[in-house]
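Let's take a walk through this structure together, one region at a time. Have the sequence and the 3D view open as you read.

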Amino acid sequence: MTLILDPDEPGGWSDAPPAASALVDGLNPEQREAVEYRGPALLIVAGAGSGKTRVLTHRIAGLLESRDAWPSQILAITFTNKAAAEMRERVRHLLGDGADGMWISTFHSACVRILRREADAIGLSSTFTIYDSADTRVILKRIIKDLDADTMGFTPAGVQGKISKLKNELADADSYARNANMNDPHEVMFVEIFRQYARRLRDASALDFDDLIGETVYLFRAFPKTAALYQRRFRHILVDEYQDTNHAQYSLIHELTRPVAPELVDEMESQGLHVRSLADSSGSIPGASLTVVGDSDQSIYAFRGADIRNIVEFERDFPGARVVLLEQNYRSTQNILSAANAVIGNNFDRKDKKLWTAVGDGEKITGYTGYTAHDEAQFIADEIEALHRSGVDYRDIAVFYRTNAQTRALEEIFVRSALPYRVVGGTKFYERAEIKDAMAYLISVANPLDELALRRILNTPKRGIGPATVTALATFAEQNEISFRQAMRAAAGLGLGPKVTAAITALANLLDEAALMLVPPTPPADAPADAPAPASSVKVSDVLSHLLTGSGLLDALRNSRDPQDEARAENVDELLAQTKDFDKDNPDATLVDFLTQVSLVAAADDLDDASGTVSLMTLHTAKGLEYHAVFVTGIEEGLLPHQISASEPGGPAEERRLFYVGITRARVRLYLSLAMSRAQFGETNVALPSRYLQEIPEELIDWKQSPGMANSRGGTGPRALNARRQPGADRWGSSYNSDRFSVAASTKPARAAGAEWPNKVTAVRDNGDLTLDAGDRIRHADFGEGRVTQVTGEGTKKVAHVSFDSAGQKKLLIKIAPIEKI
DNA sequence: CGACTTGATGTTTTT
DNA sequence: CATCAAGTCG
């Protein structure tokens, strides 16, 4: 997508980079100030939809254009890969190749990049593995079992959360132990678990997500000379979503913006780094200029340590900082903003800030109360179809929910309605067992110390290596103080069965072979510092392919008689295809680069927004995005606010911000929906409308079916609803029924014609090779009779467009819809 | 050692 | 409900 000819040639700009004035053209005065201000510290308080990304990208472009910075002196940090990709894209749009050399990345990728480069200093292999939370849990589970800590009530998830929280505070086992009450056996045990966990990661040369930040901070603090390299390099640091930074990230920013002392400047100069020109009169290099953007009303990551004080106290941390407020919203209609303002206004202890727009009121918000989650989903599907027919592109429609579990009902209905959708962020692909298996092979090659990966592949596919053998290898490794991998190589001397020994040796050889593929001239033993063999002749896909064939993993899946293994084999093939794409897109990249990308950018496949599909995602994932039409679903007590957070200090306020984030994603149409009963792990429970719903002025919402209406329907509701009506259910039903919602009820008919709405979803069925043609009459289990108007699609994805006599237009997947020809 | 059964168990949000 | 852990038999 690069239209640029030659950045070195002045006339080479082809994508018409704006002239000096053009960068601030069309910006309001505040935005303009945020773009043009030059100084050590700038805080941009940017309300939702106030053009924050625009300001940031224009500011970056402006810094380059005014010669205040070279591209390589800029570090822009975002929280998500998606945000980073978007910013990169938009900067490139402004600058073309002039953007090359900038670091625009997430906290985590930036840290990985630094850590891989400086790994030696902190005794880490540059090919260190990045453990995800599933890996962490496996290790903790093992430790807890070894220590019999489960009898004391320790669970992997609980310990994981606590360790993560501590690491976000830059604590380690020792510093925690110093402050803990070590007379408490529970605390002693926790410290022991923490210690062992840290030791295992270190032994495996692995870091978890939190370590990526924490170790970088440690690196900078322990090695000022190393830190100085980055401090003098990055002269302009910009941080997005600053309200979501935790203490570790805050400290990282602090380290990076520290001035470089005169002695270090001299030392660097004497080593041939020309840095003196950067130094001021005192001989030190002043700290980088820092720009942070944030909105405390959108702080939704307290659970992972985000500290709202970081932004609130910015002016104190950086005296003399300029503060710019962006309050004009360019995204949403006034009705949507009024609802958002009304909701967030209920959070006390916040600086009052009111979003406004020049756009006009727009349409009212649409409300709907389903009897069940499926009913709610059906409403959403129908509305999406209506929007689509009225000309709204599927890709400009999004459905938000609080918990991932809520996708189930939505997906069931969407599949049935033949609605093109995709679940964003759920990124389950790399979490599938077979993919993790294949990845473990690659990891074992890249980082031979990673015992976790080795254990994973040891008996995958089945090689007859059981727990007994694994233990034997582990003890042998421990006794001889060698790595697990070396123990495998020495398996012949362990006196194991001949078959088992042969299997282990074969695997060890396979891995050695693959490692040799990567490092042509030198033996694999010593990790090449930062020199990915210049002529990287071997591709990631070649290595993977070699491993898959050599190990028999793919064959085992293909020849299995378990029908699910067929799909698994396809997934592995898909992974292979992805490595090929990776090789093509990144010709100079190494295996480790690929592994890093998978660990950190697993949601990369979400990036190609070209597909015309409706997006489903959690409210958390939704932050920073915007859509023409937005559905916020499951607005019920217990879900939003979520049960667990409702009782936590600050919980309800944070959940309210989450709701606020959801609302403010909508440009034109906003739908708020809930269900009167919701199935939560097996049982259906009565659900109450969320307290936040009441905070929206009633005149802003047009209820298609209000909570009152849904509740007063009586006998025709689903059994679960009638059988167990909690006292609280009636409270909403009656009190609200009588005043606000009944108004809507009396003026709005529940549903056009067929007021009987489908409540139940039958199990997935299979109509075999039922064929339908335009003109056929059919009967649908829920919608009644109708006439086929059109048939599209092929094979199992054949879709019948049906005009039902009472339920209107629907699209149905012929293969699985509950229909019959009549 | 591996395939199979039953039984318990846990449940927010993410890099 | 749905995955995961432990237990049993070949």
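Where is Gly-49 found? Gly-49 belongs to the loop between E1 and H2. Keep in mind as you look that this is a predicted model. Gly-47 is found in that loop too, between strand E1 (41-46) and helix H2 (52-65). The UniProt record, an unreviewed entry, places a "binding site" feature at Ala-46, Gly-47, Ala-48, Gly-49, Ser-50, Gly-51, Lys-52 and Thr-53.

Leaving aside neighbours within four places in sequence, Gly-47 is in contact with Asp-295, Gln-298, Leu-326, Lys-353 and Leu-355. With such neighbours again left out, Gly-49 is in contact with Gln-328, Asn-329, Tyr-330 and Arg-331.

Now let's turn to a strand, E14 (residues 666-675). Eight of its ten residues are buried, so E14 is largely enclosed by the rest of the structure. Strand E9 (residues 365-370) pairs with E14 in the parallel sense, over five bridges; here Thr-369 has Leu-674 of E14 as its bridge partner. Strand E13 (residues 627-632) also runs parallel to E14 and is joined to it by five bridges, and in this case Val-630 is partnered by Leu-670 of E14.

Next, follow the aromatic rings. The structure holds 15 aromatic pairs. In one of them, the ring centres of Phe-414 and Tyr-421 are 5.8 Å apart and the planes meet at 70°, so this pair is edge-to-face. Planes over 60 degrees apart count as edge-to-face. Phe-414 is itself buried, with a relative accessible area of 0%.

Phe-582 and Phe-594 make another edge-to-face pair, with 5.1 Å from centre to centre and 65° between the planes. Because Phe-582 lies in helix H25 (residues 564-585) and Phe-594 in helix H26 (residues 591-600), their pairing ties together parts that are twelve residues apart in sequence. Both Phe-582 and Phe-594 are buried. Elsewhere, ring pairs link Trp-103, Phe-220, Tyr-230 and Phe-234 into a cluster.

Finally, look for charges over rings. Arg-116 lies over the face of Phe-128, 4.2 Å from the ring centre. Lys-162 has its charged end over the ring of Phe-190, at 4.3 Å from the centre of that ring.

Notes: Residues numbered from 1 in each chain as written. Chains lettered and ligands numbered in written order. Predicted model: local features only at pLDDT ≥ 70, side-chain atom pairs only at ≥ 80, totals over all residues. Heavy atoms only, no water. Phe/Tyr/Trp six-rings, centres within 6.5 Å; stacked < 30°, edge-to-face > 60°. Buried < 20%, exposed > 50% of the residue type's maximum accessible area, 1.4 Å probe, protein only. Helix = DSSP H or I, 4+ residues; strand = E, 2+ residues; numbered from the N terminus. Lys NZ or Arg CZ within 6 Å of the ring centre and 35° of its normal. Pairing = 2+ DSSP bridges. UniProt positions renumbered as here; feature names shortened; annotations may be inferred. Contact = heavy atoms within 4.5 Å.
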